[in-house]
Amino acid sequence: MQIDVLIIPYVVIIYSSLLSVFMTYLVVRERDLLIATILTLTQGVFYSLLYLLLMAPDLVLTYIPVSVGVTPLLLFLLVKKTERFER
Amino acid sequence: MNRKDIALALSLSLLVLALSLTISLEGLGPIVPRELRPLGASFVQNSYNPWNASLTSLSLNVVTAIVWDYRGLDTLYETLVLFASIAATLVVLRGYSELSGLGIKGLSDVSKSVTVVIAPLIVVYGIATAIHGHLTPGGGFQGGTIAVVAATLIIAVFSLEYLYRRGVSTSRLMLLRILGLLAIILTSLSLASIGMPSNVNAYILQNMAKDDSALSMPGVLFDTPLAGSIFLYNLFEFIIVFSGLTFAAMMLVLRESELESIKEAAEVYE
């Protein structure tokens, strides 16, 4: 059986979009805000993979530093200034 | 080991497999539209086309050509929106004062020495992305956000005190930001202001020569395509985004004793 190689990006797109939805659910459910921030980061990784596969390299270059670099760092600082656990 | 761990391990290993397959097959997925719509076709044909001098922008990257040349006014307004949002953080925290000498804490020596090596590399990569915006994917905004990661890392690892000692203060960053915005506005007005005294037709936000106006930004530097004003816009946008977002990050990590005078300032305004 011959597998068409061109179908792999589509499979990866479906897989990473499903996983990003699952990650969003985990972020909403998580009570520990530090872990929730790290889960937001992984969701950002999935989104940047989607942008890369959908041929938008300019968006990838903006999205990776914002979602993996700046936002988690700022959220970490925010968690440090307030409380770690949601009540 | 329960069922949850197994599911997690399986999904992670599948993701790694999918990533490695995608990367080894092509850099980018082959999801390209086979037929272009007329608008897309005209952008692709004209963005780098020296033989059609009245419509080209001499930029090899079509996205940057659209963002800074064909739809330049939109991007100018986006820059102004970012400016307004940073000004809003300044309004909320008005009356703050910068106090140095509160002591450096920072993280451990390991993370400090790693940051010393990584931060300059991130900044250089950001600058390269910004000033190559007309040749490769990227541009001023992308380069600026990449460089801001280095600034945020330094704030998180070395503390705010380190930046004060290096001479980086919020007022200086705001000044840099305003200068960058002024430079963008002056660049957009430059050809019109050259053409007006000598009675030559020229337009605001003009890049290359048009049918009824012979004035043009420099298209080529030695043997590298420069894309005229697009290069300058990318450079100034890099400065604006870098200084603006670093300013916002510094405002968000201000210490408690620096924010004491906020209440008095708010009462004065009321």
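Modeller: Leaving out residues up to four places away in sequence, B:E98 touches B:Y164, B:S169, B:T170 and B:E258, where contact means heavy atoms within 4.5 Å. This is a predicted model, in which local features need pLDDT of at least 70 and side-chain atom pairs count only at pLDDT 80 or more, while totals for chains, interfaces and linings use all residues. Residues are numbered from 1 along each chain as its sequence is written, chains are lettered from A and ligands numbered from 1 in the order in which they are written, and side-chain values use heavy atoms, without hydrogens and water.

B:E98 sits in the loop between α4 (72–92) and α5 of chain B, helices being DSSP runs of H or I of at least four residues and strands runs of E of at least two, numbered from the N terminus. Its relative accessibility is 30%, so B:E98 counts as partly exposed, a class lying between buried (under 20% relative accessible area) and exposed (over 50%), with a 1.4 Å probe and protein chains only. B:L259 is 161 residues away from B:E98 in sequence, yet their C-alpha atoms are 8.8 Å apart in space.

B:Y164, B:S169 and B:T170 are also touched by B:M250, again not counting residues up to four places away in sequence, as are B:I155, B:L160, B:L163, B:V168 and B:L173. B:M250 is in turn one of the residues with the most contacts inside the largest nonpolar core, which has 28 residues; such a core is a set of buried Ala, Val, Leu, Ile, Met, Phe, Trp, Tyr and Cys residues joined through side-chain atoms within 4.5 Å. At least two residues of this core come from each of α3 (57–81) of chain A and, in chain B, α5 (109–131), α6 (140–158), α7 (160–165), α8 (170–195) and α9 (229–252). The largest share, eight residues, is supplied by α6(B). Another core, of 11 residues, lies apart from it and includes B:L76, B:A183, B:I230 and B:F236.

The C-alpha trace of chain A spans about 55 × 25 × 15 Å along its principal axes, and 37% of its 87 residues are buried.
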